[in-house]
Amino acid sequence: MAKIISIFNHKGGVAKTTTAINLGAALTTKNKKVLLVDMDAQANTTVGVGIDEEKLEVTIYDLLISKEFKKERILEVMKETSYKNLYILPSDITLSNAEITLSSALSRENILNRILKQIKNDFDYIIIDCPPSLGLLSVNSLVASDSLIIPVSTSYFSIKGIKHLIETYNLVKENLKEDLDIMGVLITMYDARKNISKDIKDSLKSVFKDKVFNTLIRINSQIEYAQDRQTPIIYFNKNCNGYTDYMNLADEVINYE
Ligand SMILES: Nc1ncnc2c1ncn2[C@@H]1O[C@H](COP(=O)(O)OP(=O)(O)O)[C@@H](O)[C@H]1O
Ligand SMILES: [Mg+2]
């Protein structure tokens with residue numbers, strides 16, 4: 001049965017999408033079957049693994065609003081990528097309607113959870129790319145998850161933002177998902193030459209202690225080039241820090257208990 005992990009931070013530009021794609025792809029090279037779930041209307045994860053969002057007839061949005069949880073229907077929405085063992089439940093811009101459409105739905109926080117339950121047995125890992133907000137789509141992602149990875153960029157950082165994020169986590173844990181676990185805070189875009197990167201790393205370690213991944217995701221322009229080519233870094237360039245860092249993260253995730 002798959003372990004379901006949300007890449008969660010309502011701040012944009014902290015490497016959620018980059019982490020979803022590259023952790024997912026790294027896990028596939030370690031013999032794991034992976035499903036990515038794109039919960040962001042910007043569809044960067046969908047496009048980032050080479051799917052043409054404009055050609056999609058159905059997306060995760062249709063599953064969320066139809067409230068029909070038949071496996072055949074879910075498999076119709078799921079796409080196989082051109083990378084071995086990497087699958088995706090894609091999104092497109094229609095997902096931006098979901099917050100409003102779903103707000104009056106019965107057990108509206110539990111819809112993604114019910115969808116993923118149907119296919120949980122088919123994968124080793126399901127990785128959810130959360131949207132940049134703390135609304136219903138993020139709450140659905142959290143309720144569906146076993147664990148969270150919280151990427152925090154060391155180029156800009158807000159203690160206040162982290163506080164909001166932890167409040168949402170606590171609310172979901174207390175009211176909707178008792179055993180939701182924080183796997184770790186992931187330091188991203190780390191630049192060893194910059195004092196600010198070191199300062200942020202130190203303050204995160206003093207707050208989150210052993211809940212900070214040992215792997216630091218270093219700033220690496222190859223990651224941006226790979227994204228531009230709609231290719232996971234794992235398949236784009238094996239001789240760069242981005243490759244090494246995401247492969248190490250995948251090992252930490254596999255060894256996490
Ligand atoms: N380690 C890194 N080094 C350099 N650029 C990065 C790195 N991680 C992410 N980026 C770039 O930063 C931008 C924001 O990342 P993204 O994953 O889209 O963030 P989010 O999904 O949290 O909004 C993207 O252009 C991405 O290519
Ligand atoms: Mg994103």
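Phe-8 is buried, with a relative accessible area of 0%. In this predicted model, Phe-8 sits in the loop between β1 (3–7) and α1. Leaving aside neighbours within four places in sequence, Phe-8 is in contact with Lys-16, Cys-130, Leu-134, Ser-138, Leu-142, Leu-148, Ile-149, Ile-150, Pro-151, Leu-165 and Thr-168. With 13 residues, α1 reaches 18 Å from its first C-alpha to its last, close to the 18 Å expected at 1.5 Å a residue. As for burial, 13 of the 13 residues of α1 are buried, so this helix is largely enclosed by the rest of the structure.

On the α1 side, the contact is made by Thr-18, Thr-19, Asn-22, Leu-23, Ala-26 and Leu-27. On the α12 side, Tyr-246, Met-247, Leu-249, Ala-250, Val-253 and Ile-254 take part. Sorted by class, the residues of this contact come out as nine nonpolar, three polar and no charged.

As for α12 itself, its 15 residues reach 21 Å from first C-alpha to last, close to the 21 Å expected at 1.5 Å a residue. Buried in α12 are Gly-242, Tyr-243, Asp-245, Tyr-246, Met-247, Leu-249, Ala-250 and Val-253.

Thr-29 picks up where α1 leaves off, in the loop between α1 and β2 (34–38). At 36% relative accessibility, Thr-29 is partly exposed. Not counting residues up to four places away in sequence, Thr-29 touches Ile-234, Tyr-235 and Met-247. Of these, Met-247 also belongs to the α12 side of the contact with α1. Ile-234 is 205 residues from Thr-29 in sequence, yet the C-alpha atoms of the two are 8.5 Å apart in space.

Val-139, Leu-142 and Val-143 of α7 make the contact with Thr-168, Tyr-169 and Val-172 of α8. By class, this contact has five nonpolar residues, one polar and no charged. Two of the residues named here, Leu-142 and Thr-168, turn up again among the contacts of Phe-8.

Val-139, which lies in helix α7, counts as buried at 13% relative accessibility. With neighbours within four places in sequence left aside, Val-139 is in contact with Glu-109, Leu-134, Val-172 and Leu-176. Leu-134 is listed among the contacts of Phe-8 as well. Glu-80, by contrast, is 59 residues from Val-139 in sequence and 26 Å away in space, C-alpha to C-alpha.

Thr-59 is another buried residue, at 1% relative accessibility, and is found in the loop between α2 (44–48) and α3 (60–66). Neighbours within four places in sequence aside, Thr-59 is in contact with Val-77, Pro-90, Ser-91, Asp-92 and Thr-94. Ser-158 is 99 residues from Thr-59 in sequence, and the two C-alpha atoms are 33 Å apart.

Backbone angles come last. Most residues other than glycine have a negative phi. Ser-107 has a phi near 35°, a positive value in a residue other than glycine. Ser-107 lies in the loop between α5 (98–102) and α6 (111–117) and is partly exposed, with a relative accessible area of 43%. Lys-209 is not a glycine either, and its phi is positive at about 50°. The loop that holds Lys-209 runs between α9 (195–208) and α10 (221–228). With a relative accessible area of 56%, Lys-209 is exposed.

Key: Residues numbered from 1 in each chain as written. Chains lettered and ligands numbered in written order. Predicted model: local features only at pLDDT ≥ 70, side-chain atom pairs only at ≥ 80, totals over all residues. Heavy atoms only, no water. Contact = heavy atoms within 4.5 Å. Helix = DSSP H or I, 4+ residues; strand = E, 2+ residues; numbered from the N terminus. Nonpolar A, V, L, I, M, F, W, Y, C, P; charged D, E, K, R; others polar. Expected span 1.5 Å × (residues − 1). Buried < 20%, exposed > 50% of the residue type's maximum accessible area, 1.4 Å probe, protein only.
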